[in-house]
Each structure stands twice: as structure tokens, then as C-alpha cells.
Amino acid sequence: MPLSIQSLAAIAIDLQTGLTRRDHFTLLVSSLRQLLNCDATALLRFEAQQFRPLAIDGLTQDVLGRRFALDQHPRLEAIARAGHVVRFPEDSHLPDPYDGLIPGHDKLKVHACIGLPLFADQNLIGALTFDSLNPRQFDQFNDEELQLISVLAAAALNNALLVETLEKQSLPDFVQQISIARDGGEIIGSSPVMQQLKQEIGIVAGSDLNVLISGETGVGKELVARAIHLGSARAAHPLVYLNCAALPENVAESELFGHVKGAFTGAIQHRVGKFELADNGTLFLDEIGELSLSLQAKLLRIIQYGDLQRVGDDSMKRVNVRILAATNRELKQAVVSGQFRADLYHRLSVFPVVVPPLRERVSDIPLLAGFFCERYRIKLGLTQLVLRGDALTALEGYPWPGNIRELEHAIYRAAVLARATQNGGVTELLPLHFNLNSQTAPEQQDNEMPPILVQGDLATLTDQFQREVIRKVLTASDMNWAATARKLNLNSGNLHRLAKRLGLK
Ligand SMILES: Nc1ncnc2c1ncn2[C@@H]1O[C@H](COP(=O)(O)OP(=O)(O)OP(=O)(O)O)[C@@H](O)[C@H]1O
Ligand SMILES: [Mg+2]
């Protein structure tokens, strides 16, 4: 049954009605799937050498989070290079990116497949893919008809992209997406809280304000900092990273501001500080809450006046640096308790950005899971890595105290386990590969005292006990020293010294 003019016209008309972009695309792929009577359809955006699914029908939800790099997917590469309709023979040796991702046909391989590249002025902007488990499904449609579909879809996609470009001022999210995609630091997530966060990132990136990024451990604060930098007018200049928690007091000042030769014993050469390195760019001060009060005062000065003094140098140097600071502490609380300067806090938090914990964006879990599945599929050299429905349900029901980082590690670990017991083809992640119930929240682990063997003098035993406790809390905190210090109610510098003495570092 060939395609009728009426059915294509109906799709064209649908695309003109006043729906949001997302709805348009969803409508488009589901209409096309019905029209071609196939099992799966996807509309993909092409940019920065990768395909990003914009809308899918008939595929597992996690596909929306997968990013298909051209050099990792020969089938998509063939579509990208073709310039016209591509029909893959049933016995094509090129793996289909959707193998194992059609729900209800978990183990089945996709049979018939066609791909339509989408162009705007000769430029590849996306693709449509159609997959069917029936190998003869697409024989009834001729290339001209399929070409017509691709013209319709390309026009719709291009329109949406043009609108986005026009809205750039109010929706800089799109601009960012490009530079971030190229840098591999895309922020995955389309839940309401993440849409709002992306909106905020867009707004603040365009300003030159200092930003305080706060949120629990592993929520993506560093990713947000990069997004703000890349979306700003400073993007072509460096983003310099400094972890305030790993800064020993005695070298902190020269690390930040630099020093001149002979400034102190051991200063055998001039040294440029992070502020100078970040001149015209951005300085990312991670774990700002760990900065000592004396350094806070020095930092405040440079933020206020923009001039710095290298250690041992009398002259002043002007720098133009934007500061992004991150913390997983209640900094306001630290101000109240006198551990953090109120004036510095106000300087930094002109525009506070709060990154929500994963448990407040459960609807992003499928996307993030898909994103990490594709990442670790490549890393582990697997043909395909899929997350079974019941495993996804388990992931959605877990509270994730370690947030995205914990989810990422869980998927990686599960993939390694699954690979060890399954051979070849599609590697499937099952609930048993995720040990979620036994992973108690770090708070709970803190209270568990490690058993010790009472043998030896008290000093040795005390050391042994301290070593065990630190090791345990450190592991529960994802090897984050600052978080460990906080949980043990220790000053971060003291913890470092203690860990060194105990031979933990
Ligand atoms: N929305 C997201 N999309 C994709 N990857 C993410 C997202 N959020 C976090 N990640 C990944 O999770 C990991 C942890 O993120 P990140 O280091 O930015 O967290 P953080 O908030 O700085 O944590 P901490 O407070 O422990 O330093 C990184 O590998 C990061 O790439
Ligand atoms: Mg971080």
C-alpha cells in the first residue's frame, strides 16, 4: 500500500498547528510510525558529530538520553553520508543502534531498517530512522515517497531550529547545547526542575555575574560550571579549576595569586597564580566552603578591586576574572556559625544556582541511564548495552544519596558484571546487577563502628580505629575528602594531615 497524498498532507497540517516543539516532534514520529506501520521511529538531531534523539516512538525511554557518536555507529554514519534514502538489507552486518531497545522484543534484533537524512541548505541537520521486525515491511514504499517524508520532516526540524536561534536571547540553552555537545559535557535531563536549571544557566551565562553553585555531592555542579563558562562571552578564554579543599594553607596564597622568585624559602622561580591564569576567563573555585577565613579575606579583596599582589611582590596587577564557586555545604549556615564571611558570601551569591538532587528528578533517570549505558558500552567495547525494564524500575525507586555520580558508577559496575556472565551480542543489565538495597545511605554507614581487634598499645589501636573510620566514611562519600571531613566534623586541613600521618594518602 503506497502512501497517500492525504496521509502526508495530514502530517504536514499537524506540523503547522500551534503545539510546542517537543509535541510537534512526538506527533511527527508517531504519525510516521503509523503511516509506515513499523515498530520503531526516531527523529534525531545531528550536531557536533553525533546524533541526539529528539523524539522516539516504539523505543525504550532511555533512548532519549543516548548520544550516538558518528564514529561509534556505522549504520548512522552511512545515513549521514548518503544524501538520500538508505535501506539496510536484512543481513546487513552493521549493528543497529536500537537492537534490544524495542520493548517487548528484548532479545530480538531489528530486521528491516531505513534511514532518511534531513538537510537544510545542503547541511545535515538530522535524520529519521524506521525499524521493523518484519524484514519485508518497507518494500512497499518507493524512494520518492520516502524522500517526500524527509523533506517534510527536514522543514519542520529546520523551522524549529530557526525559531530557537531567534529566541536565542531568551533561550540560550540551544546555543549552549552546541558548544557543550562538542565538549562532551552535556547536561542530560528534561524534568521540570532541570528545564528550569538550564534556563537559569542560560540567563546567568550571558551576564558576567559571579555565581554560587550549590547542591549535594554528585549532582553535577562542575558540569553546570562548565556550561556557564561555555555559554558566556568568556568561552574562548580559559576556565581554570581550583579545589579549595585540597589547598594546604601554606601554599594557598601562592596558588591563588602566584609568587615571585625568592618570596619564601623554596620559591626558586616566579609562579603565576590561578587568578592570572584565568585572566579574561573564568575561575572555578570548587568546595569554596573549605576556604580558610584568612584566604576568604584575600579573595574578597580581589573580587572587590580586581587587583592582585603576588606573594613577595609589592606591585599590583589588574585581572579580569569571573568567579564561579561551588559548594555542597549550607554556606548560609556557615555564615551564621562564623566559618564563612558574610560579605564574601554576598559577593559570590549574587546569582545563586541550586542543582537539585536526583531524587527530585526521577523522570530523568531513564535518560541518564541511557546516556551512561551508551558511554560504558563504548568504554567496555560492547556491541549493545540495554537496561531491562525491571532494572530501570529498581533504579527509579532508589533514593541515590550520591546522586548522578552514584548512578553513573552503578551502571558502570552493572555493565562490568553483566559482561562477565553474558556472552556477545546484546548485554543486558538486570536488577541483580545493581546491588541497590545493600547500599545504605552514607549517613547510616557513619554510625556503624568498624570492628577492631584489641591487640597492641592504645596509640596503635587508636590509629587503627581512626584509619578504619576514615576509610569507611571516605568510601561512603565517593572518595570525596571534603565531604568526609564534614561528616567527621573535622577541619579539612586537619583531616588531610591526619590521613597523611595514618598513611592513607
Ligand atoms: N545532568 C547530567 N548529565 C550527564 N552527566 C551528569 C549530569 N550530572 C552529573 N553528571 C556526571 O556525574 C558526575 C558527577 O558530576 P559533578 O562532578 O559535576 O558533580 P558535583 O556536584 O561537582 O559533585 P561533588 O560535590 O561531589 O564535587 C560527573 O561524571 C558528571 O559528568
Ligand atoms: Mg564537584
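Q: Why is Asp 478 called partly exposed?
A: Buried means under 20% relative accessible area, exposed means over 50%, and partly exposed is what lies in between, taken with a 1.4 Å probe and protein chains only. Asp 478 has a relative accessibility of 28% and therefore counts as partly exposed. This is a predicted model, in which local features need pLDDT of at least 70 and side-chain atom pairs count only at pLDDT 80 or more, while totals for chains, interfaces and linings use all residues. Residues are numbered from 1 along each chain as its sequence is written, chains are lettered from A and ligands numbered from 1 in the order in which they are written, and side-chain values use heavy atoms, with hydrogens and water left out.

Q: What makes the phi of Asp 478 worth a remark?
A: Most residues other than glycine have a negative phi. Asp 478 is not a glycine, yet its phi is positive, at about 60 degrees, and its place is in the loop between helix H17 (458–476) and helix H18 (481–487). Asn 37, also not a glycine, has a positive phi of about 50 degrees and is found in the loop between helix H2 (21–36) and E1.

Q: Is Asn 37 buried or exposed?
A: The relative accessible area of Asn 37 is 54%, so this residue is exposed.

Q: Why is Glu 276 called buried?
A: Its relative accessible area is 14%, and Glu 276 is therefore buried. Glu 276 is found in helix H9 (residues 274–277), where helices (H or I, at least four residues) and strands (E, at least two) are DSSP runs numbered from the N terminus. Not counting residues up to four places away in sequence, Glu 276 touches Phe 257, Leu 308, Arg 310, Lys 317 and Val 319, with contact meaning heavy atoms within 4.5 Å. Phe 257 is itself one of the buried residues of helix H8 (residues 249–257).

Q: What makes Gln 49 count as exposed?
A: Gln 49 has 52% relative accessibility and so counts as exposed. It lies in the loop between strand E1 (40–47) and strand E2 (50–57), and, leaving aside its neighbours within four places in sequence, Gln 49 is in contact with Phe 68, Ala 69 and Leu 70. The C-alpha atoms of Gln 49 and Phe 68 are separated by 8.7 Å, although the two residues are 19 residues apart along the chain.

Q: How exposed is His 409?
A: His 409 has a relative accessible area of 35% and is therefore partly exposed; its place is in helix H15 (residues 403–421).

Q: Which residues have the most contacts inside the largest nonpolar core?
A: A nonpolar core is a set of buried Ala, Val, Leu, Ile, Met, Phe, Trp, Tyr and Cys residues joined through side-chain atoms within 4.5 Å. The largest such core has 54 residues, and Phe 51, Leu 395, Leu 429 and Phe 434 have the most contacts inside it. Helix H13 (residues 365–379) gives this core its largest share, eight residues. A second, separate core of 32 residues includes Phe 25, Val 29, Phe 138 and Leu 157.

Q: How many residues of the protein chain are there, and what percentage is buried?
A: The protein chain has 505 residues, and buried residues make up 50% of them. The chain contains 19 helices and 17 strands.
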